[in-house]
Amino acid sequence: MTLPKLILLDRDGVINEERTGYVKSVEEFNFIPDSIQAIKQLSDAGIKLAIITNQGCIGRNLITMDQLEEIHQHLIKNLKQHHINLHKIYVCPDHPDFPTHRRKPNAGMLLEAMSDLDVTPSETLMIGDDIRDLKAARAAGCAAHLVLTGHGTKTAVHEEFKNYTPVAVHANLKAAAAFILGENQN
């Protein structure tokens, strides 16, 4: 299997624990076990990495962009401590009821990342835990993998999921990274 040139990672439920009511502070941001290790393995393999995240908490006025930036600086600091090169975090602050073309399940952020990083859809892979991630990947023309952390277990049995198969399904980001890098088949 040829390695993708770019992997787009959803944030909540893939890298950090999904929370009811959004992650609103650094204290509420908790990495999923082994997610940093998985991101490091992908980074060490020479794959470009970007995060693609809806943050409706901004549109709902639950936190400010400055508070979100503080959370993301915490995330970046942790990744840098492990010598991980994250190219960019793409954020859509839209209120869920008033989405633009950038808010997943739309493809705007994914297409923006591919353009910025000079990668084609066929060279790109999206890893997410929600049906929105699968829809966005399809709309952008790139492959998608589903992790069962966060909303993943519900997504795998979602009535629309069958419309997005074949999709590789993994227990978590660590298992997804191992599969992508050819370390095992799950």
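**View 1. Pro-105 lies in the loop between β3 and α4 (108-116).** The model shown is predicted: local features need pLDDT of at least 70, side-chain atom pairs count only at pLDDT 80 or more, and totals for chains, interfaces and linings use all residues. Residues are numbered from 1 along each chain as its sequence is written, and side-chain values use heavy atoms, with hydrogens and water left out. Helices (H or I, at least four residues) and strands (E, at least two) are DSSP runs, numbered from the N terminus. The peptide bond between Lys-104 and Pro-105 is cis, with omega at about 25 degrees. In general, most peptide bonds are trans.

**View 2. Tyr-22 and Asp-118 have positive phi values although neither is a glycine.** Most residues other than glycine have a negative phi. Tyr-22 has a phi near 75 degrees and sits in the loop between β1 and α1 (35-44). With 23% relative accessibility, Tyr-22 counts as partly exposed; buried means under 20% relative accessible area, exposed over 50%, and partly exposed in between (1.4 Å probe, protein chains only). For Asp-118, phi is about 55 degrees. Asp-118 belongs to the loop between α4 and β4, and its relative accessible area of 71% makes Asp-118 exposed.

**View 3. An open sheet is formed by 6 strands.** The order is β3-β2-β1-β4-β5-β6, and the pairing is parallel. Two strands pair if DSSP finds at least two bridges between them. β3 (88-92) and β6 (168-170) stand at the edges with a single partner strand each, so one side of each has no neighbour in the sheet. On average, neighbouring strands of this sheet are turned by 25 degrees against each other, direction ignored. Axes are lines fitted to C-alpha atoms, for helices over the stretch in contact, and angles run from 0 to 180 degrees between N-to-C directions. Helix α3 (residues 65-81) packs on the sheet and touches β2 and β3, where contact means heavy atoms within 4.5 Å. The direction of α3 makes about 150 degrees with that of β3.

**View 4. Strand β1 (residues 6-9) pairs in the parallel sense with β4 and with β2 (residues 48-54).** β1 and β4 are joined by 4 bridges, and Leu-8 has Met-126 as its bridge partner in β4. β1 and β2 are also joined by 4 bridges, with Ile-7 opposite Leu-49 in β2.

**View 5. Strand β4 (residues 124-128) is largely enclosed by the rest of the structure, because 5 of its 5 residues are buried.** Thr-124, Met-126 and Gly-128 point one way from β4, while Leu-125 and Ile-127 point the other way. β4 runs parallel to strand β5 (residues 143-147), joined to it by 4 bridges. In that pairing, Met-126 stands opposite Ala-144. β4, helix α5 (residues 131-140) and β5 make a right-handed β-α-β unit: with the strands pointing away from the viewer, the path from the first strand over the helix to the second runs clockwise.

**View 6. The largest pocket holds about 370 Å³ of space.** On a 1 Å grid over the protein atoms alone, a pocket is an open set of points where a 1.4 Å probe fits, with protein on both sides within 12 Å along at least five of seven lines; lining residues have an atom within 4 Å of a point. Its lining counts 20 residues, of which Asp-12, Glu-18, Tyr-22, Asn-54 and Arg-132 lie nearest the centre. β2 and α5 each supply at least two residues of this lining. Grid points are joined across faces, edges and corners, and the volume is the space filled by probe spheres set on them.
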